[in-house]
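I opened the notebook to record what I looked up in this two-chain model.

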Amino acid sequence: MSQTHAMRDKILPVVTILLAVLVFWYAAAAWLNAPFERDTAARAGTTIALTDLLKNTMMQERPVLPAPHQVFAELWDTTVNKPITSKRSLVYHAWVTLSATLLGFAIGTVLGIVLAVGIVHNRAMDRSLMPWVIASQTIPILAVAPMIIVVLNAIGLSGILPKALISTYLSFFPIVVGMVKGLRSPEQIQLDLMRTYDASPAQVLTKLRWPAAMPYLFTSLKVAIAISLVGAIVGELPTGAVAGLGARLLAGSYYGQTVQIWSALFMAAGLAAVLVLVVGMLHAMVLKRMGARP
Amino acid sequence: MIPSPASVISARKLGLTFKTADGPVTALTGVDLDIAKGDFVSFIGPSGCGKTTFLRVIADLERPTDGTITVNGTTPEDARRNRSYGYVFQAAALYPWRTIEDNIALPLEIMGTPPAERKARIERVLALVNLTGFGRKFPWQLSGGMQQRASIARALAFDADLLLMDEPFGALDEIVRDHLNEQLLKLWAQTNKTICFVTHSIPEAVYLSTKIVVMSPRPGRVTDVITSTLPKERPLDIRETPEFLEIAARVREGLRAGHSYDE
């Protein structure tokens, strides 16, 4: 009974959408890759039959839009068939990006929480800091990333940290905004209660503001982890494309390896989905421990 | 005038004017009042009469702008810092992420009570409000009346001699309210605390109090102080006796006289 419900309510809609996407994708691949086949035939002075044309558009070396099976074959080949220490393994590149993502996310989370606590407790910080926090996000990260990499390199910092700091630059923002709102979310009556106990500001923070801010924190964390990944990928672009998903994207575009680009994109999307999912599971666990209504 | 030493609360010419965007609003003016130890005092009046404001002044949640007030012989601020009162709000204001016993433990944690003693106190106050066995529940698992009882238990946990209650049963239905009133009287008899109780229900005020303070709005002031002649032992059906009805009539008269409406 419940299985058929799960089938009808969850699996069926997902599968339907997936099939629709696949059909659209194949059609688009055939349409976009066909001109190359016609040109090739025309240059050879021949014409090409429709069935051959369709067949060829699905197996080009450097298609405009690779067909789904080409991307998945590449994904399979570069994850399962290559040792993960190999520079040709997508798992290796994903790990390079992931480690920078997680480090940057961790720094961004701590920084965001510290700033939010300061902003909530100190009027001067609220007035002076918040405009800068917002202004920081209006600068396009693509413009800032190379400068951060170059400047940090000049002072002898290279490797994972510069990339992580670009993740931090993006991810601290939703944490600050969410946590300021969350730490200010307790109602007046709950704050008055603390006052009747003559509670210290530290006690109000740990026993009231912090637990009240948890739902806001996790919502922010979900956004922050996803843009941390974007930050790490962007941070890899100006490094000369040594390693990481960003490097795969850049190398792919240098050499017209569209299949490689698409498989790196899918890897990045999959990674983001898993990261958001993990944060979501943590959220559910914390809510359960905090006695949320099931 | 010097406050009499027996008074728990002593107010002289107390006034409070709020500055608002529409100009000053006088919430309280010229309040002279003495509350003795062990009294059960009800503050009754229409909304805007300053009864909640007066309670908040006692609790140092608002600062008076005129006159003087002492709580336990000191300023309200010192009284608050000495944790000399428990406050029960209109809403239970339980922290939803804490179980009932952890909510009751909150003031004890803040005041640094050792864990072993905390446990004993939680058990004792849960029994006082008839919630034994509900300590492990989260607030949402309890009814509104039970939540309010838990918030009373929280106010009792640290054994302050003074209990300030701001319309604690205002949001509950009549039957539950009767029941809680009865329990509150028992609790008062058992603990011998001084209780200040804000309400807008005449029967509730008369049933519970040894002293009824009638207040009127615009500006908020005390119009009558009635000392109850009812015995300390009060079954619910005391509300049908002539003595009870007589006091209720005087309260109603006081409320009507203080009304500034023209109709």
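The entries below go from confidence to domains, the chain contact, cores and single residues.

**Confidence.** I noted at the start that this is a predicted model. I read its scores as ipTM 0.89 and pTM 0.85. For chain B I found a mean pLDDT of 90, with 96% of its residues at 70 or more.

**Domains of chain A.** I took the assignment for chain A, which gives domain 1 (2-65) and domain 2 (90-289). The centres of domain 1 of chain A and domain 2 of chain A, over C-alpha atoms, are separated by 37 Å.

I looked up the UniProt entry, which is unreviewed; it places "transmembrane region" at residues 12-32, 92-120, 132-154, 160-180, 216-241 and 261-287 of chain A. I checked two of these spans in the model. Residues 160-180 of chain A are 100% helix and 0% strand, with end C-alpha atoms 29 Å apart. Residues 261-287 of chain A are also 100% helix and 0% strand, and the end C-alpha atoms of that span lie 39 Å apart.

**Domains of chain B.** For chain B I have domain 1 (1-84 + 162-263) and domain 2 (92-159). Their C-alpha centres lie 25 Å apart. I find 10 residues of domain 1 of chain B in contact with 10 residues of domain 2 of chain B. On the domain 1 side of this contact, helix H6 (residues 174-191) of chain B gives the most, with four residues. By class, that side of domain 1 of chain B has eight nonpolar residues, one polar and one charged.

An unreviewed UniProt entry carries the annotation "domain: ABC transporter" over residues 11-242 of chain B. In the model I read this span as 34% helix and 27% strand, with its end C-alpha atoms 33 Å apart.

**Cores.** The largest nonpolar core has 81 residues, of which Phe43(B), Ile58(B), Ala153(B), Leu164(B) and Cys196(B) touch the most other members. Helix H5 (residues 144-156) of chain B gives the most to this core, with six residues. A second, separate core of 50 residues includes Phe105(A), Val177(A), Ala226(A) and Leu250(A).

**H10 of chain A.** In helix H10 (residues 245-254) of chain A I list Leu245(A), Gly246(A), Ala247(A), Arg248(A), Leu249(A) and Leu250(A) as buried. Their cover includes helix H4 (90-121), helix H9 (201-236) and helix H11 (258-289) of chain A. Just after H10(A), Gly256(A) takes a positive phi of about 65 degrees.

Why does Arg248(A) count as buried? Arg248(A) counts as buried because it has 28 C-beta neighbours inside 10 Å, and 20 or more is the cut-off. Not counting residues up to four places away in sequence, Arg248(A) touches His93(A), Gln260(A) and Ala264(A).

**Backbone of chain B.** The peptide bond from Arg218(B) to Pro219(B) is cis, with omega near -5 degrees. Pro219(B) lies in the loop between strand S8 (211-216) and strand S9 (221-227) of chain B.

Ala93(B) is not a glycine, yet has a positive phi of about 50 degrees. I place Ala93(B) in the loop between strand S5 (85-88) and H3 of chain B. Ala93(B) is buried, with 22 other C-beta atoms within 10 Å.

Asn130(B) has a positive phi as well, near 60 degrees. I find Asn130(B) in the loop between helix H4 (115-128) and H5 of chain B. Asn130(B) is partly exposed, with 16 other C-beta atoms within 10 Å.

Conventions. Residues numbered from 1 in each chain as written. Chains lettered and ligands numbered in written order. Predicted model: local features only at pLDDT ≥ 70, side-chain atom pairs only at ≥ 80, totals over all residues. Buried ≥ 20, exposed ≤ 12 C-beta atoms within 10 Å, placed from the backbone. Helix = DSSP H or I, 4+ residues; strand = E, 2+ residues; numbered from the N terminus. Contact = placed C-beta atoms within 7 Å. UniProt positions renumbered as here; feature names shortened; annotations may be inferred. Domains from an automatic or database assignment. Nonpolar A, V, L, I, M, F, W, Y, C, P; charged D, E, K, R; others polar. pLDDT = per-residue confidence, 0-100. Core = buried A, V, L, I, M, F, W, Y, C linked by C-beta atoms within 7 Å.
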